[in-house]
Amino acid sequence: MTLARFKMCIDGQWVDALSGKTFKSLDPSSAEAWAELPDADQADVEQAVQAAQKAFENPAWRNLSATGRGKLLRRLGDLIADNKEHLAQLESRDNGKLIRETRGQVNYLPEFFHYTAGLADKLEGGTLPLDKPDMFAYTTHEPLGVVAGIIPWNSPLYLTAIKLAPALAAGNTIVLKPSEHASATILELARLALEAGFPAGVVNVVTGFGPSTGAALTRHPLVRKIAFTGGAATARHVVRSSAENFARLSLELGGKSPNIIFADADLDSAINGAVAGIYAASGQSCVAGSRLLVQEDIYDDFVERLIERASRIRIGNPQDDASEMGPMATAQQLAVVEGLVADALAEGARLRLGGKRPAIDARGWYYEPTLLECDSHSMKIMQEEVFGPVASVIRFKDEAQALAMANDSQFGLAAGIWTRDLGRAHRMAKGVRSGIVWVNTYRAVSAMAPIGGFNNSGYGRESGIDSVLAYTELKTVWINLSQEPMPDPFVMR
Ligand code: NAD
């Protein structure tokens, strides 16, 4: 097969790595290489960061009004809409996600740019009601400088949009480092940003591996903020890097989200919600509802119905409109899933569905929708993120036990609650320690709704009205109104 060849975007130019090195991206549905990309090292990262710093100081960007930045963002959103089918096909090809899922995400993508465009000129500072009559003071929100955006492979466009749009709205410049497993659509996004009219160097993309390209970027002294989405182990490297440059950090990490089904729930909806939570996107979702907590009165019925529904899921080529579950994005991820299921069985979990690769005519990294019944919430499969189509289910007696189980986790990204009882919905929503709570729904996102986690699911929030503020510094300006000479210089005023 002829390989698609990509170049990186540095300072508005399309370039190879200075070393000439490349790496191949594999198609998860066939396990074959389909694209070749530059393998950036420290020298390339240096160029990208210097270009971003130069663009930050360039009057064409620095002096552009907030309204002007908003207009560029709106145009970028429009260009994404014009190119939506191309972007959806490319992302599905690159990371193996269902075309229906990537289409859904790309159709909504312009909203992130349009919504954030409207925030660009609403970054208002304040005047301070000072207790010093001869002084006047006000605050302004100013851009940070160069932002590093580190992106995982599971939803590259979406997870880039929620960093790129607010970073640009606030007047920063950015160097994006997409995952080595799914870089293609982020390079296309940089092309559209140039077409929209962002000056050269405002948006740069370096492609390559985490420990080399990613680490060189996150520890660079000119990087003022790192917006990271990925796993906890990588996040620890990133936090250590930030000890060098004191970069501001936002960390969107993994989860082991509880999907809690009470006996009074609409069971048809709850079954669909459980499927959406763990089998959609083959479970490769940070908010996957991988812990199913089910009230004992309906437990047996729920499990039977879930098995019946999940066993009808059509596994197949992600590019096929009829497929409902595609492959794991990488061979390593498939091995991780297989290992965690084996550990769960060794620990006493009962396999009720799946637990193996499907017998389909494809060489890709497919895994069947899997359900494991557990008697103890302390089992590893109830505590560790799988990032695959593996749900572990356990019964609970009452609300108090459901809440205790829900919060018995190192994570705290999302939770689902299924009940018709309004009071219970609010009590549970208040009690659950997670950044997102969905009641009688799951996996809903909006440009207006902040996402982010409690506990080991990270810190900082993306999306929503405050997202742009997270890309600014607050400055306080003091004006002396007095006509008197400066008083005693040795006393604080
Ligand atoms: P990962 O942590 O392996 O990689 C994420 C990114 O970090 C990649 O671009 C990688 O190249 C880079 N990286 C790796 N080592 C690095 C280093 N030393 N320095 C700097 N960068 C480095 O994650 P992944 O496997 O791509 O994605 C899966 C993980 O992401 C899961 O844990 C999932 O839950 C999480 N995730 C979270 C969210 C969220 O919004 N909370 C969304 C999607 C995925």
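Asp-27 counts as buried at 8% relative accessibility, where buried means under 20% relative accessible area, exposed over 50% and partly exposed in between (1.4 Å probe, protein chains only). The model is a predicted one, in which local features need pLDDT of at least 70 and side-chain atom pairs count only at pLDDT 80 or more, while totals for chains, interfaces and linings use all residues. Residues are numbered from 1 along each chain as its sequence is written, and side-chain values use heavy atoms, with hydrogens and water left out.

The side chain of Asp-27 meets that of Arg-93 in a salt bridge (3.3 Å, N to O), defined as a side-chain nitrogen of Lys or Arg within 4 Å of a carboxyl oxygen of Asp or Glu. Because Arg-93 lies in helix α4 (residues 84–95) and Asp-27 in strand β4 (residues 22–27), the pair ties together parts that are 66 residues apart in sequence. Helices (H or I, at least four residues) and strands (E, at least two) are DSSP runs, numbered from the N terminus. Arg-93 is partly exposed, at 25%.

The whole structure contains 32 salt bridges. In one of them, Arg-5 pairs with Glu-36 (1.9 Å, N to O); Arg-5 is exposed at 62%, whereas Glu-36 is buried at 12%. Another joins Asp-264 to Arg-424, with the closest N and O atoms 3.6 Å apart. This pair links distant parts of the chain, 160 residues apart: Asp-264 is in the loop between β12 (258–261) and α10, and Arg-424 in helix α15 (residues 422–431).

The largest pocket has a volume of about 1000 Å³. On a 1 Å grid over the protein atoms alone, a pocket is an open set of points where a 1.4 Å probe fits, with protein on both sides within 12 Å along at least five of seven lines; lining residues have an atom within 4 Å of a point. Grid points are joined across faces, edges and corners, and the volume is the space filled by probe spheres set on the points. Of its 42 lining residues, Phe-228, Gly-230, Gly-231, Ala-232 and Thr-234 are the closest to the centre. Helix α9 gives the largest share of this lining, seven residues.

The second largest pocket, of about 720 Å³, is lined by 35 residues. Domain 1 (4–253 + 453–476) and domain 2 (258–439) both contribute to the lining, so this pocket lies between them; the domain bounds come from an automatic or database domain assignment.
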